[in-house]
Amino acid sequence: MDCRRTALPYFLLAPTLIFLLFFFVVPLFQVIGLAFSSEHSIFTLRHFNRMFGDIYYQDAVINTLKMAVIIIPIQLVVAFLSALIINKRFKGSTLFLYIYAIPLGISELGAGLIWLSIFTEKGYLNSILYQLGILKEAVIYLSYQSPQWIMTAIVITEVWRATPLVMIILLSGLQMIAKDYLEAADIFGANWWQKVWLIILPLLKPSIQSALIIRTLLAFQVFGPIIVLAGRLFPVMASESFFWYTLIRNEHVAATYALLLMVISMIITWSYLVFLKTKDEQVGVL
Amino acid sequence: MKRDSWQRSAITSSSVGFYLGASLIALCTLTPIILIAFAALTSRAELYTWPRSIIPTKFSLDNLKYFINAYGVLKSTFNSILVAMVTILLSLLIGAPAGYALSRFRFRGKEAFKLGILITRMFPTSLLAIPLAVMFLRWRIYDTILGVSLMHTSLSLPFTVLITASLFLKVPYELEEAALTLGCNRITAFIHVSLPLILPGLAAAGIFTFVTSWNEVFAASILTVQNRTLPAHIMATLEASPLNFKFAGGFFMIIPAIVFIFIIRKYLLSMWGISVNK
């Protein structure tokens, strides 16, 4: 009887483990296999050389990193402020929470199309600026002649779409902060800034860490808005992986991009864990 | 009623500014959604005029009709729903027992299992989609509903395990034990006691899985050619589509997602705020 009891949890875990073995572990090895081998040889660096030599390669890597570096700090600040607002629990704060959370349900592709309606030549941005008398004629934002505008449009789309996720993570962290600390701070006469800097932010560190990890990993995978707004004018690693598979029909180079993306993701996750060290009992992972 | 004094003091000090800030963020969130609705409801002819008014001079359903009747749209919508349903079913059947085990038992390797689950959430979708495409070709499930569903299940399974574990944790084990002493066995105790209590949460998790699958575009585009899901179909026809098709398509895609998120709004916090505290 005791024997059955100890076996039961493993029996319950088995389906998940088997599934993950087939759909995570095997593909992981397969992607390494695809990247390093071809029909003719077991080990080759051909696909890597092809990737490094591709005209889009350098831009793809730079754009991927640049996007993360620009988007994530903006998101953190906006998300933190929104979370502080919601956490005040004023009258109607649940309504605001729901409104802020709406983009959570909107897909990358949907968000891309939404902002396309704004940034396209006869779109809402131009129309509004024209009617305000700021513009004399339509500006073309999404063309190869205006890479800065393409980038701006993508950044705005991503900030709009993905900030609520960061907000939700930070908000659930905020709600775990014991009120005693803040009441004690009140007694000592701390002002709002002091409370934010000295109490809330340090205690929120595990949530910030989780949010940073999730957001960075997801920022590297952003694909929908980029395809909709820029096509191949703004290459990133995820979209290159996609094009190599669907357009060029070369799954080897596509796998090489995917592998490179994962290595970069792992390095960044690891550095977050090292540089933003949290105490064990605070680990509010993902 | 005991309100947190630190919070109240901040409100009274600048309550106008506070509401202004809160409303500004809300406005920035809502405006683009209203604009895509306008774009979808503006007639094709008006969409291409310049200068154009923000609010359409005449609301028209022509774009939406054109979109829905366009080749492949209804079929891919149907495929999307089917894929999402199969994904929900697979994730719950496979993941819920693991969630139950995590919440009810102490066993060796539990922490390692949790860590493994969390690590799987860090893999880029592209890393899975491309080798799976090669694998599915060999297994002859490339370009099928089942193939995309399996892919989406692998994306949502870690989430399902964690969310069901946290749902079960909220049902005290003593309740199940009481049922056991009253003549239930483990299975009937689960069905009669725990299941009804977690059903709303389970439904919310299912809806969330639905939205995730309905929205997913990268893997669905890689894994299908003929049997596309809706996002994959829109993606594949993107370059050849006129603007009115794109705007109507975007609007059509986001509406169910917004409605579903509204239904499960109460669960949003607990879903994303999952922490692995002991």
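Because the model is predicted, local features are taken only at pLDDT of at least 70 and side-chain atom pairs only at pLDDT 80 or more, while totals for chains, interfaces and linings use all residues. Residues are numbered from 1 along each chain as its sequence is written, with chains lettered from A and ligands numbered from 1 in the order in which they are written.

Along the sequence the pattern accordingly reads α-α-α-α-α-α-α-α-α-α-α-α-α. Taken along the principal axes, the C-alpha atoms of chain A fill a box of roughly 80 × 75 × 35 Å. Of the 286 residues in chain A, 44% are buried. Here a residue is buried if 20 or more other C-beta atoms lie within 10 Å of its own, exposed if 12 or fewer, and partly exposed in between, with C-beta atoms placed from the backbone. Two residues are in contact if these C-beta atoms lie within 7 Å. Among contacts in chain A between residues at least 6 apart in sequence, 72% join residues at least 24 apart.

The two chains meet through 84 residues from chain A and 81 residues from chain B. On the side of chain A that touches chain B, helix α1 (residues 2-36) of chain A provides the largest share, 16 residues. That side of chain A has 57 nonpolar, 19 polar and 8 charged residues. In this grouping Ala, Val, Leu, Ile, Met, Phe, Trp, Tyr, Cys and Pro count as nonpolar, Asp, Glu, Lys and Arg as charged, and the others, Gly among them, as polar.

Helix α5 (residues 108-119) of chain A packs against helix α2 (residues 15-41) of chain B at an angle of about 75°, with axes 9 Å apart. The axes are lines fitted to C-alpha atoms, for helices over the stretch in contact, and angles run from 0 to 180 degrees between N-to-C directions. The two helices are therefore roughly perpendicular to each other, on a scale where angles under 35 degrees count as roughly parallel, over 145 as roughly antiparallel, 65 to 115 as roughly perpendicular and the rest as oblique. From α5(A), the contact uses Leu113(A), Ile114(A), Trp115(A), Ser117(A) and Ile118(A), and from α2(B) it uses Pro32(B), Ile33(B), Leu35(B), Ile36(B) and Ala39(B). These residues divide into 9 nonpolar, 1 polar and no charged.

Chain B is divided into domain 1 (5-60) and domain 2 (65-272), with bounds that come from an automatic or database domain assignment. The centres of the two domains, taken over C-alpha atoms, are separated by 31 Å. Between them, 6 residues of domain 1 are in contact with 6 residues of domain 2. On the domain 1 side, α2(B) gives the most, with 4 residues. By class, this side of domain 1 has 5 nonpolar, no polar and 1 charged.

The largest nonpolar core has 151 residues, of which Leu170(A), Leu229(A), Ala258(A), Ala129(B) and Leu223(B) touch the most other members. A nonpolar core is a set of buried Ala, Val, Leu, Ile, Met, Phe, Trp, Tyr and Cys residues joined through C-beta atoms within 7 Å. Not counting residues up to four places away in sequence, Ala258(A) touches Val31(A), Ser241(A), Pro124(B), Ser126(B), Leu127(B) and Ile130(B).

Ser241(A) is also one of the buried residues of α12(A). In this helix (residues 237-246), 9 of the 10 residues are buried, so it is largely enclosed by the rest of the structure. Its cover includes α3 (57-87), α10 (205-221), α11 (224-230) and α13 (251-275) of chain A, together with α7 (125-139) and α11 (218-223) of chain B.

Arg249(A), in the loop between α12 and α13 of chain A, has a positive phi near 60° although it is a residue other than glycine. With 8 C-beta neighbours inside 10 Å, Arg249(A) counts as exposed. Asp143(B) likewise has a positive phi, about 65°, and is not a glycine. Asp143(B) sits in the loop between α7 and α8 (145-169) of chain B and is partly exposed, with 16 other C-beta atoms within 10 Å.
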